[in-house]
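This briefing goes through one structure by topic. Look at the sequence and the 3D view first, then read the points below.

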Protein chains: 2
Amino acid sequence: MTSHHSIHPLDEALALASETTGQYTGRTTPGYWNMVGPFGGITAATLLQAVMQHPARLGEPLSLTVNYAGALGEGPFTLQATPVRTNRSTQHWTLSILQAGADGAPVVTTTATVVTAVRRETWGATDTPMPAVPAPAQCKPVRLAFRSEWLRRYEMRPVTGELPTQWDDSGHTSMTQLWMRDAPARPLDFCALAAMADIFFPRVWLRRARQVPAGTVSITVYFHAGGDLLAQTGTGYLLGQARAQEFRNGFFDQTALLWNEAGIVLATSHQIVYYKE
Amino acid sequence: MTSHHSIHPLDEALALASETTGQYTGRTTPGYWNMVGPFGGITAATLLQAVMQHPARLGEPLSLTVNYAGALGEGPFTLQATPVRTNRSTQHWTLSILQAGADGAPVVTTTATVVTAVRRETWGATDTPMPAVPAPAQCKPVRLAFRSEWLRRYEMRPVTGELPTQWDDSGHTSMTQLWMRDAPARPLDFCALAAMADIFFPRVWLRRARQVPAGTVSITVYFHAGGDLLAQTGTGYLLGQARAQEFRNGFFDQTALLWNEAGIVLATSHQIVYYKE
């Protein structure tokens, strides 16, 4: 069988089957593989995908928190998404991913909560205008500085705060700004946006110019855009900005903003990240 | 019966009974009453208290996310705290609060996730030094601008970004800085810190100089301090700083930092807040 349209790697990774409402099965894909498991952003996107496909969903994503409880291994997994409370204009979800452990019994690898909401026309304002940066075409695509397959799924054009070229403990700011989009290009949706909120390499690598082991423990994404605005953003670039606030006792936080090329904030995001040494 | 030591209102609010591991009963207290339910910070603190009291707890709080799914009414509630995954140095928790609904059947009012972790000595750095502000004694205690009992449970000494005196749509920055501590003074612990992360009045009131209905939908707190540092902070003041990043379609986000008087970041926090009009 041949197909005129090959499936986008993101859609392949987000493919979920469901026979019982709220229960899904999926599997990791090589396209988003990181060093010892899938890219955290793809796991976040997959959890959100379950909510998007749930027949009882009210409104659109407002908030997503994902806790990476344990390594997700290569292969199939099950995902549970439950709307625990539905109000007039908001809906609260709890989610988990389970995978067969060493003894075959299912273990929790990931937990999450999602809030979906009906957006309304209201007064609005931004307190974080997009910084003045060169256009995407003026920024060179990133060199692939470490070997993780998922990096090839994104076009990244750094503006500032690139991965250090020398791991010499020289110390830097923890701020990165980069233009990004799916590779190949794909119209933006909530799942793609959730994944991109986790695209930034660990701030500790930049801050210390030292590549210590690090991994996200928990990430939260707040969506400030509705589906219409995401559709309007289409295959355009997003400007992402991330910085750390505090590094201490093996954990640091990261605060991030994502604008579209028109300068509109689509999402704000935060994470707490483990690091060694 | 007389007592030489009256119980602190915070400890009264945090009192939980448990006969079955992980299942708790508590009740709202008048001391932290807000307009139509308890102060959101006290609900966050109560959830964390359940984790602190759980016999299977590993380490100390690292991350807390609370989703306010529905109004918590005056009276008793039940709280469930489950450690769903315990690793070598981190532990992942899911929590919920239930209360009898109109028909007597229990309904979910609040969901939460917590990560606890064992802190280790590592390299550290701050990228958010405490701003230069006058000492607490030089800042006047806040006037009680709206009538909520919980406001009396905190000593608040604003530095900048006070509640507007005129609701005249004049527009302001969304940034508030204030010194704060429990009233009466109480040695700082994780629960008290979690509550104080939610102390800031809705940013939309400041940004618009307009007091529209508003309420937190979801809050996340990252703890950067261990119990030793909190004990060392004792009854000293914390400097809190909060600002919004984006207001759109009925929701805005708030990003906050809390330092102790020695200038050490104890917590960073984020929330997404509903607002009307």
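**A buried arginine and its partners**

Arg186(A) is buried, because its relative accessible area is 10%. The model is a predicted one. The points below start with the salt bridges inside chain A, then turn to a helix and to the contact between the chains.

Salt bridges within chain A

- The side chain of Arg186(A) forms a salt bridge with that of Asp11(A), at 2.8 Å from N to O.
- Arg186(A) sits in the loop between strand 9 (176-182) and helix 3 (190-196) of chain A, while Asp11(A) belongs to helix 1 (residues 9-13) of chain A, so the pair ties together parts that are 175 residues apart in sequence.
- Asp11(A) is partly exposed, with a relative accessible area of 31%.
- A network of salt bridges links Asp11(A), Arg186(A) and Asp189(A).
- Another salt bridge joins the side chains of Arg119(A) and Glu60(A), at 3.7 Å from N to O.
- This pair also links distant parts of the chain, 59 residues apart: Arg119(A) is in the loop between strand 6 (106-117) and strand 7 (125-126) of chain A, and Glu60(A) is in strand 3 (residues 60-68) of chain A.
- Arg119(A) is buried at 18% relative accessible area, whereas Glu60(A) counts as partly exposed at 25%.
- Over all chains, the count is 22 salt bridges.

Helix 2 of chain A

- Helix 2 (residues 40-53) has 14 residues, which should span 20 Å at 1.5 Å a residue; its end C-alpha atoms are 20 Å apart, so the two values agree.
- Twelve of the 14 residues of helix 2 are buried, so that the helix is mostly covered.
- Among the buried residues are Gly40(A), Ile42(A), Leu47(A), Leu48(A) and Val51(A).

How chains A and B meet

- One salt bridge between side chains is that of Arg207(B) and Asp127(A), at 2.6 Å from N to O.
- Arg207(B) is buried at 18% relative accessible area, and Asp127(A) counts as partly exposed at 23%.

Note on methods: Residues are numbered from 1 along each chain as its sequence is written. Chains are lettered from A and ligands numbered from 1 in the order in which they are written. This is a predicted model: local features need pLDDT of at least 70, side-chain atom pairs count only at pLDDT 80 or more; totals for chains, interfaces and linings use all residues. Side-chain values use heavy atoms; hydrogens and water are left out. Helices (H or I, at least four residues) and strands (E, at least two) are DSSP runs, numbered from the N terminus. The expected span of a helix is 1.5 Å times one less than its number of residues. Buried means under 20% relative accessible area, exposed over 50%, partly exposed in between (1.4 Å probe, protein chains only). A salt bridge is a side-chain nitrogen of Lys or Arg within 4 Å of a carboxyl oxygen of Asp or Glu.
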